[in-house]
Amino acid sequence: VAALKRVAALESVIEHCAARQGQTLQHGSYDNSAVSLYIASQSAGLPIRIRVDQGPMQQAFARGERLFHLRAGRSNLACASCHTHRVGMQLRGTTVTTPYGDVAHYPVYRTRYQLQSLQLRMIECNLDSGVQPLKPGSAAYTDLEVFLTSLSNGYPVSVPSERN
């Protein structure tokens with residue numbers, strides 16, 4: 001995003017635009033996710049199309065791919081440890097999803113009345129696997145989101161959705 005001078009997720013752009021209007025819609029807040037859900041719902045049924053073949057998006061994709069496979073934390077797990085080798089299994093009451101097409105469902109309602117962005121879900125995964133979570137909108141989470149979104153190219157946007 002040119003105004004932010006970096007690759008940014010939709011929720012970071014919402015936060016930035018709100019701040020320019022004198023409002024607070026912090027990335028990670030329910031209100032920010034609600035605006036994100038509304039915007040994403042305008043593309044419901046349309047295929048995801050993100051280009052990661054050049055420039056800053058290509059660099060973000062490469063960093064995100066490295067992060068997806070990087071083992072860390074007290075359990076020495078990578079995102080790939082669960083999301084490629086344990087797909088369909090139950091972990092902590094949640095069914096592990098494949099990284100292909102999963103982004104198409106975010107933001108998502110998890111449990112009753114809890115609206116969650118993809119980066120908030122990343123925070124939960126970090127906590128569950130013993131990795132120190134980052135702040136929503138961080139460069140690392142954004143890079144990971146770019147990588148995961150590219151794996152969802154061609155899948156239709158499917159929001160709102162609900163998961164346990």
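Here are a few questions and answers about this predicted model.

In this predicted model, local features need pLDDT of at least 70 and side-chain atom pairs count only at pLDDT 80 or more, while totals for chains, interfaces and linings use all residues. Residues are numbered from 1 along each chain as its sequence is written, and side-chain values use heavy atoms, with hydrogens and water left out.

Q: Which pattern does the chain follow along the sequence?
A: Helices (H or I, at least four residues) and strands (E, at least two) are DSSP runs, numbered from the N terminus. The chain has 6 helices and 5 strands. Read in order, they give α-α-α-α-β-β-β-β-α-α-β.

Q: What radius of gyration does the chain have?
A: That radius is taken over C-alpha atoms, and the globule rule is 2.2 Å times the number of residues to the power 0.38. For 164 residues, a compact globule would come out near 15 Å, and the chain agrees with 15 Å.

Q: Where does Pro107 lie?
A: Going from Tyr106 to Pro107, the peptide bond is cis, with omega near -5°. As for its place, Pro107 sits in the loop between β2 (94–95) and β3 (108–110).

Q: Is Lys5 buried or exposed?
A: Lys5 has a positive phi, near 60°, though it isn't a glycine. Its place is in the segment before α1 (10–20). Buried means under 20% relative accessible area, exposed over 50%, partly exposed in between (1.4 Å probe, protein chains only). Lys5 has 76%, so it is exposed.
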